Amino acid sequence: MENSATDSKPPTNSAASTASTSLESLQLSFGNLRMNNGKIEINSDKPSSSSSSSSSSSSLPLNGSSKGVPPSPESSNSESIPSSNLPSFNGTNLINNGVGNYHQPYNFSETLNGGGYGLGQPYNPYFLPPTPWKHPLLNQHQVSYFSDFPNENPFLPIPSPTGENPNGFSQGDEGIINLALMEESSKQLQALILMKDPKIIKRIFEGVIDNLFQLMTSQFGRYLFQKLVELNDEILLQRIMEKLDRNIIYYASIDRYGSYSIKKLIKVLQKSPLVNQIVKTLADKFWELMINPTGQYVILECLEFLDSQKNDKLYLEAMDKCLKLATHERGCGALNQFISRSRGPRSDELLRKICEQVVFLSLHPFGNFVVQGVLGLQNPAIIEKISLSLRGYYVKLSMQKGGSHLVEKCLKSSGLVHVISEFLQSNQLIQVAKDRYGNYVLQAALRETKRFSNALHGSLVMKLRSYHNLQDLNHGYARNILALMALPV
């Protein structure tokens, strides 16, 4: 196309100045635009020499701020271009001035005329979007709902003037939950939340609030949920808790990913009365959660971050079900973890409850692990109570797989005197020495007495020497006993 405007202006020595002046009166078509290094260049329709082409082309930045008349959509042609000519954008350009141009960081095809995440015409760099183009997360027709909120929280639901949508949001928000469940788009939504823009946060929140369980139990959606919770907004948290009934809390707690969401809620709500709703649900499902390999850690999170008063219901359930848990294959380990994290007067009550049944638990293949855990607390009063209660059972326990470990724990505590006292009065010490488990107990007894009291060590050695069939210790498991006694073979 010939540049007719150049005839009416005196020529200058600068070709770029001529082109810039000529753009002021040009009505350009879409066919004259092409992308070059992130700018839109204007080219002549007709081929020209290198000298004329330099004077008939210019560059417009992507925001269209250079001089000249922007093309109208009616004059656009729909020629497609190779994808290699498309400009690339990173995830930081999601929003420009709140509602500016939106560029997908991943390969969604987008219909610019309608906005959103459509699968219509492919992205055409020849097309300059008009100024009022909508951002997919910000509905321009309802921009009044995203005005500044000087006197109220932006997360409060705002009724629609028409009454059709009680939240005042378009149906396009349904797509936000789908984005939240995908890895890349979830990261982009998290980045938007970190911008701390109330308008954006409100739009994202409204897009996921009706699908909280799906969000909380999603591999990637849980991160978005945690980012929303970390905002620590009272109204936002209250609306979340209104959506979480006891079934959602329970099933999320036993879910691999959902448990992280519940633990995050507990941590953020530790100073809020809203956490009582979570604790009540966990207490009602205490048994089911404690024997679940995932759910038990949600209860332990309460002990970690909440005070004894808020955890009172959990302590009451633990005392009620401690024997049942202690004799369960999974429950015994969970109860040990619970005991080690418990604090306050309820903790003492729970320990006393276990001490009352210490003989039964010590002889049980799973219960003895709980008694070992209690001994590991190094509470002198509790150790003394357990040691006294087990007198008369140490020899029997020494020849059991689990019980032998329990007796060794007693030997390494202040209960050593009670164990040695029973060994010195027993006539089954040789059987203990020859037993596959008992020999380890006697080895521990010889080592600990030598370290603790030479008198007790000497008494134990003399007791073993008093047996006529001492040579039997030269075989099998008992050989290690002879080495510790320093006896000639």
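## About the model

What you have here is a predicted model, where local features need pLDDT of at least 70, side-chain atom pairs count only at pLDDT 80 or more, and totals for chains, interfaces and linings use all residues. Residues are numbered from 1 along each chain as its sequence is written, and side-chain values use heavy atoms, with hydrogens and water left out.

## Aromatic rings

Let's start with the rings. Searching the whole structure turns up three aromatic pairs. Rings of Phe, Tyr and Trp (for Trp, its six-membered ring) pair if their centres lie within 6.5 Å; planes under 30 degrees apart are stacked, over 60 edge-to-face, and the rest tilted. One of the pairs is Y250 with Y251, edge-to-face at 4.9 Å centre to centre and 65° between the planes. Y250 is buried at 13% relative accessible area, while Y251 is partly exposed at 47%. Here, buried means under 20% relative accessible area, exposed over 50%, and partly exposed in between (1.4 Å probe, protein chains only).

F286 and F338 also pair up: their ring centres are 5.8 Å apart and their planes sit at 85°, so this pair is edge-to-face. F286 belongs to helix α12 (residues 286-290) and F338 to helix α15 (residues 331-341), so the pair ties together parts that are 52 residues apart in sequence. Helices are DSSP runs (H or I, at least four residues), as are strands (E, at least two), numbered from the N terminus. F286 is buried at 1% relative accessibility, and F338 is buried too, at 0%. Together with Y315, F286 and F338 make one aromatic cluster.

## Lysines over rings

Two lysines are worth a look. K263 lies over the face of Y260, 4.8 Å from the ring centre. K324 does the like with W287, at 4.3 Å from the ring centre. A charge counts as over a ring if NZ of Lys or CZ of Arg is within 6 Å of the ring centre and within 35 degrees of the ring normal.

## Loop residues

Most residues other than glycine have a negative phi. K196 has a positive phi of about 60°, though it is not a glycine. K196 sits in the loop between α4 (183-194) and α5 (198-208), and is exposed at 56% relative accessibility. Q378 also has a positive phi of about 60° without being a glycine. Its loop runs between α18 (367-375) and α19 (380-389), and Q378 is exposed at 54%.

N474 is in the loop between α25 (454-465) and α26 (479-485), and is partly exposed at 27% relative accessibility.

Residues 207-242 are 72% helix and 0% strand, with end C-alpha atoms 16 Å apart. For residues 243-280, the end C-alpha atoms also lie 16 Å apart, and the span is 68% helix and 0% strand.

## Helix α24

Helix α24 (residues 438-452) has 15 residues and reaches 21 Å from first C-alpha to last, close to the expected 21 Å. That expected span is 1.5 Å times one less than the number of residues. Buried residues in α24 include G438, V441, L442 and L446. The buried residues of α24 pack against α20 (394-398), α21 (401-411), α22 (416-425), α23 (429-434), α25 and α26, where contact means heavy atoms within 4.5 Å.
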